[in-house]
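Here is a briefing on one protein model. Look over the sequence and the structure first, then read the notes by topic.

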Amino acid sequence: MSNRTIQVDERLYDYILDVSVRESGVLRKLREETAALGGVARMQISPEQGQFMAFLVELTGARRMLEVGTFTGYSALACAAALPPDGEFVACDVSKEWTDVGQKYWQEAGVAEKITLKLGPAVETLQTLLAQGQGNAFDMMFIDADKTSYLQYYELGLKLVRPGGLILIDNVLWGGAVADPAELDEDTQAIRALNEKLHTDNRITLSLIPMGDGLTLARRRI
Ligand code: CA
């Protein structure tokens, strides 16, 4: 026992999956098809993270959610399924090829009507949403795209998410590289800069969860 976060080895991780993950058949099929794409499958969130995010949707009663970085649509499917029937999930990505994989399963799971896909650079999409009067119109946001744009997504997100709304940011531990001073590549530095900014940002309340590759929860203060 320890007052520090437990180290999760393979055996313990399998146990966590065994006793807590309730992945639907459609989500499992989507994960398997994504795994077959090879190395890029690392960009998919883990099943326990998908379940945690869906839990947050349910817990907060979110109706409208925004995502930056949809990839093959696992998080979109998990979260859209947890939204109410009249909920809306706006999914932003640059890749038709990857999001096409997701569309198939969104249809199969019966959540496609809740999901609006916006293909194109997400900074532009978010700026367009603001220009269309969508400020303060989202209850939740998930940021999981190119790391060098994280600060921009976060700042735009703070305008798009309502006071009291939640912004989730993925990969904030970046395989541990953020804590290694020798790691100076631009992705690592971008994530470090975001983490440091959020630490002292009094517009939000903050929690960094060591789940997956590190997930930050930032709630816009009311
Ligand atoms: Ca990610």
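Buried means under 20% relative accessible area, exposed means over 50%, and partly exposed lies in between, with a 1.4 Å probe and protein chains only. This is a predicted model, where local features need pLDDT of at least 70, side-chain atom pairs count only at pLDDT 80 or more, and totals for chains, interfaces and linings use all residues. Residues are numbered from 1 along each chain as its sequence is written, and side-chain values use heavy atoms, with hydrogens and water left out. Helices (H or I, at least four residues) and strands (E, at least two) are DSSP runs, numbered from the N terminus.

**Calcium site**

- The protein donors of the calcium ion are Asp144 (OD), Asp144 (OD), Asp170 (OD) and Asn171 (OD1). They lie 2.3 to 2.7 Å from the ion.
- Donors are N, O and S atoms within 2.8 Å of the metal, or 3.2 Å for Na, K and Ca. Water is not among the atoms, so the site may look incomplete.
- Along the sequence, the donor residues follow the spacing D-x25-D-N. Asp144 sits in the loop between strand 4 and helix 7, and Asp170 in strand 5 (residues 161-170), so the pair ties together parts that are 26 residues apart in sequence.
- Asp144 is buried, at 12% relative accessible area. Asp170 is buried too, at 4%.

**Strand 5 and its partners**

- Strand 5 is mostly covered, with eight of its 10 residues buried.
- Strands 4 and 5 run parallel and are joined by five bridges. Two strands pair if DSSP finds at least two bridges between them.
- Strands 5 and 7 (residues 215-220) run antiparallel, and five bridges join them.
- Ile167 of strand 5 stands opposite Met141. In strand 7, the bridge partner of Ile167 is Ala218.
- Strand 4, helix 7 and strand 5 form a right-handed β-α-β unit. A crossover is right-handed if, with the strands pointing away from the viewer, the path from the first strand over the helix to the second runs clockwise.

**Helix 6**

- The buried residues of helix 6 (residues 122-131) are Ala122, Val123, Thr125, Leu126 and Leu129. They cover an arc of only 165° around the axis, which puts them on the same side of helix 6.
- That arc is taken over the directions from the helix axis to the C-beta atoms.
- An α-helix has 3.6 residues a turn, so residues three or four places apart point the same way.
- The cover over these buried residues includes strand 1 (64-68), strand 2 (88-93), strand 3 (115-119), strand 4 (138-143) and helix 7 (150-160). Contact means heavy atoms within 4.5 Å.

**Helix 2 and Thr34**

- Helix 2 has Val26, Leu27, Leu30 and Thr34 as its buried residues. Their arc around the axis is only 100°, which puts them on the same side of helix 2.
- Helix 4 (74-82) and helix 5 (96-109) are among what covers them.
- Thr34 belongs to helix 2 (residues 25-35). Thr34 is buried, at 0% relative accessibility.
- The Thr34 side chain makes a polar contact with the side chain of Gln44 at 3.3 Å. The Thr34 side chain also makes one with the side chain of Thr72 at 2.8 Å.
- A polar contact is a pair of N or O atoms within 3.5 Å. Within protein, one atom must be able to donate a hydrogen and the other to accept it, and residues adjacent in sequence count only if both atoms are side-chain atoms.
- Setting aside neighbours within four places in sequence, Thr34 is in contact with Ala41, Gln44, Phe71 and Thr72.

**Positive phi angles**

- Asn136 is not a glycine, yet has a positive phi of about 60°. Asn136 lies in the loop between helix 6 and strand 4, and is partly exposed at 41% relative accessibility.
- Trp174, also a residue other than glycine, has a positive phi near 45°. Trp174 is in the loop between strand 5 and helix 8 (186-199), and is partly exposed at 26%.

**Before helix 1**

- Thr5 is placed in the segment before helix 1 (10-20). Thr5 is exposed, at 54% relative accessibility.
- The C-alpha atoms of Thr5 and Leu217 are separated by 17 Å, and the two are 212 residues apart along the chain.
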